[in-house]
Amino acid sequence: MAKQQRIGFYGKFTPTALDTSESDKMRALAGLGQQMMESTLAIGKPIIEAKRAEEGAEAAEQARTVDPVTGEVTYGEVEKMSAAKFGAAQYNANLISGMDAQFKMDVRQNLTRIAVEAEGDVNKFDELVTGYRSGISGRANLPIELRQSADTLVGAYREKIIEQQTTEALADAKANRALELKTASDDSFKFIADGRSQAAGLSITEVVNSINADPDLTDPQKAYAVAQYQEQVLVAFSRKELNDTVENEGYIAGLEYIASIEDNLPSDMSMESRADYIKTLTTDIDNSQKVEDAIQAEKAANVKLDQANNALDLTVQLLDGKIGITEIKQAARDGKISVGQFNTLENQFATTGKGSDNADVVDTINALILTDPAGAATLIQSVAGTSSLSSRTASTMLKSIQSSANKGGILQTQEAKSFSDHLRQNVINTNFGAYNDPKNLKLESELQIVFAERVSNMQEGETIASITNELIQASRKPLVKPVYAADYNTYLQAVAPNSDLYKALESGTITDAEADSIAEGLNSYFNSVDAYNSFREDYDSIMKGL
């Protein structure tokens, strides 16, 4: 039997491995989940934060309300978001910053108002701020950050007021020093000019001490200011002495005084100051001479005015027969009237009680009295007692001129001129070329004399308008309405192509000569109506205003 052989291996046996595919899948899924979660957070976190920021801003807006009627601002209760929540930082930041912006706006507006009301007084500012703080509606709801922010603003405004107070106090002190210095300086020059040497010396010392005590000046500046002031004092004393010399000894003595000053000027005085010193004194003496000349000229003018008034008064007395040639000669000897005025008065004495009134001359004088009373007086004096103007009328006119002057020139007022014109138009026809009866011209000139006399001597209760009304009513004749005046309102209507007068002429009822005469009568009638209506309008206006 053959030897049995060992069975050999045809291959190696490998045990079957454990099935791990499910575990791997689970592990892979877990990793994927982690990755997905991280991706989700990366995408969603910014969205949440942005949303939270927006919610914070909205909450800030809703925390502040304004009453639409009263305008009162109220701060509601707010709550910060928990830090554990997503987007809490963004929410809280926008909540605080939003409220802070609104609150700062309110605080600034109120602090500006308070600062104005405080008028630079820091104590009043603090008092008003305290009242404002306690009056904030919902103040307890404001986060601490906002209160701290408001305190910072209050502090800034307060510092500004303190700074302003300090600046103003320093400025006031400086202004007071300047005012005191100026007052003392002005006093010193005034006392020097008045010759009060002792008082001037006290003021001079006060000025020098004030300059030396000024904290804003350096020592060199003080020394310069004192030297400048002392030079001005020296000039002031010289001006006073020059004035006294000219007044007591005359112009030549004044010039000699200036020459002596020029020969003895202080050695330490600058050339510019020396020139100004002498120029001031020279100007003073020139001005004093001009003043003296003006005084003399004024005296001469016053003498002429006095003589004119004296001559007018003597003329009135002469015309009234109260004085004679003796009084006139004495007035001339005393210098109360000039030689020319004496000659005029002497001539008037020779013609006193004589003369007659010429309507044209009287009318001219009446017009001058209203515009140039001095010229009227001169004309009256030159023609009184002649065939142009009777002594009696001249006396009345001159008295009216004097009385008017005593009443401030009442006859030269616009009211007097206007009513004098009304009086004239209601007595005569003032149209160019119009014919007036000589009797009416004489009456008008006489009424104007009475008008001037009455107005310049008005009694209580009288007015220019009422006096004029009396004179017009006394001289006014009843107006008879012409046949051809019909119901027309004006002369032009009464003679128009369609008027009754024109129709009568056209039909042959009246002749051309008759038509002309009727037209002249119509013109006179309507002129009278217009003149009276114009007067009544002004008269009523004046009287209703009383």
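Contact here means that heavy atoms lie within 4.5 Å of each other, and by that criterion Lys 222 is in contact with Ile 211, Asn 212, Asp 214 and Leu 217, once its neighbours within four places in sequence are left aside. The model is predicted, so that local features need pLDDT of at least 70 and side-chain atom pairs count only at pLDDT 80 or more, while totals for chains, interfaces and linings use all residues. Residues are numbered from 1 along each chain as its sequence is written, and side-chain values use heavy atoms, with hydrogens and water left out.

**The chain overall**

- The secondary structure comes to 19 helices and 2 strands, where helices (H or I, at least four residues) and strands (E, at least two) are DSSP runs numbered from the N terminus.
- Of the 546 residues in the chain, 30% are buried; buried means under 20% relative accessible area, exposed means over 50%, and partly exposed is what falls in between, with a 1.4 Å probe and protein chains only.
- Among contacts in the chain with a separation of 6 or more, 66% are accounted for by residues 24 or more positions apart.

**Helix α6**

- The 31 residues of α6 should span 45 Å at 1.5 Å a residue, and the end C-alpha atoms of the helix are 45 Å apart, which agrees; the expected span is 1.5 Å times one less than the number of residues.
- The buried residues of α6 include Val 226, Tyr 229, Val 233, Val 235 and Ala 236, and also Ser 238, Leu 242, Thr 245 and Val 246.
- Lys 222 lies in α6 and is buried, with a relative accessible area of 14%.
- Although Lys 222 and Val 208 are separated by 14 residues in sequence, their C-alpha atoms are 9.0 Å apart in space.
- After α6 comes Gly 250, whose phi is positive, near 105°.

- Helix α7 covers residues 251-263, and its 13 residues reach 19 Å from the first C-alpha to the last, close to the 18 Å expected at 1.5 Å a residue.
- Ala 253, Gly 254, Tyr 257, Ile 258 and Ile 261 are the buried residues of α7. They cover an arc of only 145° around the axis, which puts them on the same side of α7, the arc being that of the directions from the helix axis to the C-beta atoms.
- An α-helix has 3.6 residues a turn, so residues three or four places apart point the same way.
- On the face of α7 turned away from its buried side are the exposed residues Ile 252, Glu 256 and Asp 263.
- Helix α6 (residues 219-249) packs with α7 at an angle of about 150°, their axes being 7 Å apart; axes are lines fitted to C-alpha atoms, for helices over the stretch in contact, and angles run from 0 to 180 degrees between N-to-C directions.
- The two helices α6 and α7 are therefore roughly antiparallel to each other, a term for angles over 145 degrees, whereas those under 35 count as roughly parallel, 65 to 115 as roughly perpendicular and the rest as oblique.
- The crossing of α6 and α7 is right-handed, meaning that the near helix is turned clockwise from the far one by less than a right angle, with anticlockwise giving a left-handed crossing.
- At this meeting, α6 contributes Ser 238, Glu 241, Leu 242, Thr 245, Val 246 and Glu 249, and α7 contributes Tyr 251, Ala 253, Gly 254, Tyr 257, Ile 258 and Ile 261.

**Helix α8**

- Thr 282 is found in helix α8 (residues 271-319) and is partly exposed, with a relative accessible area of 32%.
- The C-alpha atoms of Thr 282 and Leu 242 are 9.8 Å apart in space, while the two residues are 40 apart in sequence.

**Helices α12 and α13**

- The axes of α12 (residues 373-383) and α13 come within 10 Å and cross at roughly 160°, and the two helices are therefore roughly antiparallel to each other.
- Here α12 passes α13 in a left-handed crossing, with Pro 373, Ala 376, Ala 377 and Ile 380 in α12 meeting Ala 394, Met 397, Leu 398 and Ile 401 in α13.
- Ser 404, found in α13 (residues 391-406), is buried, with a relative accessible area of 2%.
- Not counting residues up to four places away in sequence, Ser 404 touches Gly 409, Ile 410, Leu 411, Gln 412 and Ser 456.
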